[in-house]
Amino acid sequence: MNIRELTLPQKNQLASRYIDGEERVLSFFDYAYTNQDDYSRRARELKKRTFPREELAEILHGYNSRFSPSEAVLDNIE
């Protein structure tokens, strides 16, 4: 699992309240972004899941082919 830090605009009230740790907003999320143990638990859960990757790749390839995708896009789909 790759984790990237993102900066969200403060105009987004949900994001701002989430970052501020408001309980009523945090209740909508299964994991706390400030808790390293939650990241590890989520990674373990995701490793147990299976996904129809070949079907998804076919759909993404077909959809993106309408927009003259770059080689990087096609490589990412593969």
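Start by selecting histidine 61, which sits in helix α4, residues 53-64. The model on screen is predicted.

**Stop 1: histidine 61.** Colour the residue by accessibility: its relative accessible area is 36%, so histidine 61 is partly exposed. Next, show what surrounds the residue. With neighbours within four places in sequence set aside, Leu74 and Ile77 are in contact with histidine 61. Histidine 61 and tyrosine 33 are 28 residues apart along the chain, and their C-alpha atoms are separated by 32 Å.

Stop 2: Phenylalanine 28 belongs to the loop between α2 (23-26) and α3 (36-48). Is phenylalanine 28 buried or exposed? Its relative accessibility is 68%, and the cut-off for exposed is over 50%, so phenylalanine 28 counts as exposed.

**Stop 3: salt bridges in helix α3.** The whole structure holds five salt bridges. For this stop, select arginine 41 and aspartate 38 with side chains shown. Their side chains form a salt bridge, with an N to O distance of 3.0 Å. Arginine 41 and aspartate 38 are three residues apart in helix α3, so about one helical turn separates them. The two ends of this pair can be viewed by accessibility: arginine 41 is partly exposed at 33%, whereas aspartate 38 is buried at 11%.

Glutamate 45 and arginine 41 are four residues apart in helix α3, about one turn of the helix. The relative accessible area of glutamate 45 is 30%, which makes this residue partly exposed.

Which residue does the side chain of arginine 42 meet in a salt bridge? The partner is glutamate 45, at 3.8 Å from N to O. Arginine 42 and glutamate 45 are both in helix α3, three residues apart, again about one turn of the helix. Arginine 42 is partly exposed, at 29% relative accessible area. With Asp38, Arg41, Arg42 and Glu45 displayed together, the view shows one network, joined by salt bridges that share partners.

Notes:
Residues are numbered from 1 along each chain as its sequence is written. This is a predicted model: local features need pLDDT of at least 70, side-chain atom pairs count only at pLDDT 80 or more; totals for chains, interfaces and linings use all residues. Side-chain values use heavy atoms; hydrogens and water are left out. Helices (H or I, at least four residues) and strands (E, at least two) are DSSP runs, numbered from the N terminus. Buried means under 20% relative accessible area, exposed over 50%, partly exposed in between (1.4 Å probe, protein chains only). Contact means heavy atoms within 4.5 Å. A salt bridge is a side-chain nitrogen of Lys or Arg within 4 Å of a carboxyl oxygen of Asp or Glu.
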